[in-house]
Protein chains: 4
Amino acid sequence: MERGSEPEEDAGAWPLRHLKSPVVRDPDFEARVRASFDKQLFMATLGARLEHIAPGEVRIAVSHRPDLTQQHGFLHAGAVTSVVDSACGYAALTLMEPGAAVLSVEFKVNLLAPAAGKEFIAIGKVVRAGRTITVVSGELVSLDDGRETVVAILQGTMMAVRDRAGLSD
Amino acid sequence: MERGSEPEEDAGAWPLRHLKSPVVRDPDFEARVRASFDKQLFMATLGARLEHIAPGEVRIAVSHRPDLTQQHGFLHAGAVTSVVDSACGYAALTLMEPGAAVLSVEFKVNLLAPAAGKEFIAIGKVVRAGRTITVVSGELVSLDDGRETVVAILQGTMMAVRDRAGLSD
Amino acid sequence: MERGSEPEEDAGAWPLRHLKSPVVRDPDFEARVRASFDKQLFMATLGARLEHIAPGEVRIAVSHRPDLTQQHGFLHAGAVTSVVDSACGYAALTLMEPGAAVLSVEFKVNLLAPAAGKEFIAIGKVVRAGRTITVVSGELVSLDDGRETVVAILQGTMMAVRDRAGLSD
Amino acid sequence: MERGSEPEEDAGAWPLRHLKSPVVRDPDFEARVRASFDKQLFMATLGARLEHIAPGEVRIAVSHRPDLTQQHGFLHAGAVTSVVDSACGYAALTLMEPGAAVLSVEFKVNLLAPAAGKEFIAIGKVVRAGRTITVVSGELVSLDDGRETVVAILQGTMMAVRDRAGLSD
């Protein structure tokens, strides 16, 4: 189906999207993310758990609970967004230098399927890490019945804030 | 500053954005929104209150609480999104015919200022109401100290779902 | 339809969205926008014309032409986006201090109706102007037959870039 | 860096994002995409070429030309969006049944780097294909100097339109 001589291996290489070689500027990034997560009291309200921290990638687990639902009994789109936004924000923070705080500038979420099911994992990954602006890509996966379903995807922008009174991590 | 003869009153008329003449297809739209909101248990978890229901516009109030915060003590972007998404979804529902259920397809949120302050109001308005797709525009306003600050704006898409088992309003 | 005593005039005041009191940092903002627009050769390719420049608001006109269409003969969503993005970028530039260049960070476009018709106007307005980040809101309006139809709306982020070799306005 | 016993191979499996097993409903999808692309006269205006068509994935190439630039000489964000939007729309069309036409509902674009360089490829992929709504993910990659740079990423929604006079593919 190709026109011309494009090599076959490109089919796997594209799309690139996620950052291939993240540069760690703070060796203590994991402790830093854990400490900041513990201060996000809204994560405790949602029962969200930090599951995985790596340079440029963070995963947060959350379980279905009746008090997190919308009118049809699915996880509310806002609860979905909350955990994917936090996963993406912390993925960005893993690559920031010490002293910078992370803030969400904007994000866009597409809801692909009702957030039915009992267990979910939010995956946040860095697409591009700049000094001020970090672009992120995230998703929420439903894990029920040994089947993985992508419930939502996010594309957004995080910002490093420095020297602002009272803001860190 | 004009080139040519554009009449001065245009400056007020543009941008149009919000729907000028919403058509109500269900005279019981207010009761319907209230009943659905009461089933969104996540709204109760956030302490959110339905404040205003009109054709094509819904407002939801929420107050600062420590258990809704991110790491710097501001309202979490996900909590912000939750109430603006619900306000927009219910604004869409006010214009749907009886029997249709509303689902969020996607939304995009820009966070303009930290969600500092004690009292907030989420405003959801319909931009275009179609049979299947409704486009919405929302914002979260902080109301402290007699001053109104726009904390976040949303642009998104809601969908009317019909004849799907178990889904209504 | 109100719960409680909210005053009636609020209905007009909300949503706020657009910046109420734009601060001009460069008195020559109009000449600056015109000069930069003339350097955007893609605008000439689209036949786009700068129609209005005010602090925090810029309007660009474009006409239907067969070579700007998608497969059904409507203006291509990319052509729509191009003029609304430029209107929003220049709206942001009207409020930047001398020497800063404007770049689009991201934008989100909802297409409300097929871009049918002969004449269109793109309106870009500033929602929040910060030192680095400016949030904008835009729309494309079709002007045919004395009727105004909103074809597309945009919500996005512009950035002021300083001291980067070769970039200005 | 894991908490608990999550198997290591998950690191490669997540994020899922793109559709794993696209279902082809029209065996003539390739000819259909080519015919529709040829009717998008705006693609010819941009000098865009259809490079690759597979179930759920389409790639479009475009080259730098002075008449496609913004004020700093880079490819205009609107030109970038145009080709990525078309790649995504046609990726969606590859999976639609005969007779359905594709329209863009909305998209969100993050610009990661100035679109410098001479040759670009836009990649559009399907994330979820529904009867009415198809969610897509795209990017523009700059190919200069043997180096691939992601210039922009897109997340958006396409819609299948049926039985609307005059609309096909």
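This is a predicted model: local features need pLDDT of at least 70, side-chain atom pairs count only at pLDDT 80 or more; totals for chains, interfaces and linings use all residues.
Residues are numbered from 1 along each chain as its sequence is written, chains are lettered from A and ligands numbered from 1 in the order in which they are written, and side-chain values use heavy atoms, with hydrogens and water left out.

**Exercise 1. Find which residues of helix α2 of chain A are buried, and what they pack against.**

Solution. Begin with the terms: helices (H or I, at least four residues) and strands (E, at least two) are DSSP runs, numbered from the N terminus. A residue is buried under 20% relative accessible area, exposed over 50% and partly exposed in between, with a 1.4 Å probe and protein chains only. By this rule, A:F29, A:R32, A:V33, A:R34, A:S36 and A:F37 are the buried residues in α2(A). Next, look for their surroundings, where contact means heavy atoms within 4.5 Å: these residues pack against α3, β1 (49-54), β2 (57-63) and α4 of chain A.

**Exercise 2. Describe the salt bridge between A:D169 and A:R32, and say which parts of the chain the pair ties together.**

Solution. Side chains of opposite charge can pair when their charged atoms come close. The rule used here asks for a side-chain nitrogen of Lys or Arg within 4 Å of a carboxyl oxygen of Asp or Glu. For A:D169 and A:R32 the closest N and O atoms are 2.9 Å apart. A:D169 lies in the segment after β6 (149-161) of chain A and A:R32 in helix α2, so the pair ties together parts that are 137 residues apart in sequence. Finally, check the accessibility: A:D169 is buried, since its relative accessible area is 17%, and A:R32 is buried too, with a value of 7%.

**Exercise 3. Decide whether C:D67 and C:R65, which form a salt bridge, are buried or partly exposed.**

Solution. The closest N and O atoms of C:D67 and C:R65 are 2.9 Å apart. C:D67 has a relative accessible area of 28% and therefore counts as partly exposed, and C:R65, at 28%, is likewise partly exposed.

**Exercise 4. Characterise the interface between chain A and chain B.**

Solution. First count the residues: 40 residues of chain A are in contact with 40 residues of chain B. Then take the buried area, which is the accessible area (1.4 Å probe) that two parts lose on being put together, summed over both; here it is about 3,000 Å², of which carbon and sulfur atoms give 60%. On the side of chain A, the residues that lose the most area to chain B are A:F42, A:Q71 and A:H72, together 22% of what that side buries.

Now turn to the charged pairs, of which there are two salt bridges between these chains. One joins the side chains of B:K108 and A:E106, at 3.7 Å from N to O. The strands also meet, for β3(A) and strand β3 (residues 101-111) of chain B pair in the antiparallel sense over five bridges, where pairing requires that DSSP finds at least two bridges between two strands. In this arrangement, A:N110 stands opposite B:E106.

**Exercise 5. Work out how many residues chain B and chain D bring to their contact, and how many salt bridges lie between them.**

Solution. Six residues come from chain B and six residues from chain D. The buried area is about 420 Å², of which carbon and sulfur atoms give 85%. On the side of chain B, B:E106, B:K108 and B:I133 lose the most area to chain D, together 61% of what that side buries. The count of salt bridges between chain B and chain D is zero.

**Exercise 6. State where D:V80 lies and which residues it touches.**

Solution. D:V80 belongs to helix α4 of chain D, and because its relative accessibility is 1%, D:V80 counts as buried. Leaving aside residues up to four places away in sequence, D:V80 touches D:L75, D:L111, D:A115, D:L140 and D:A152.
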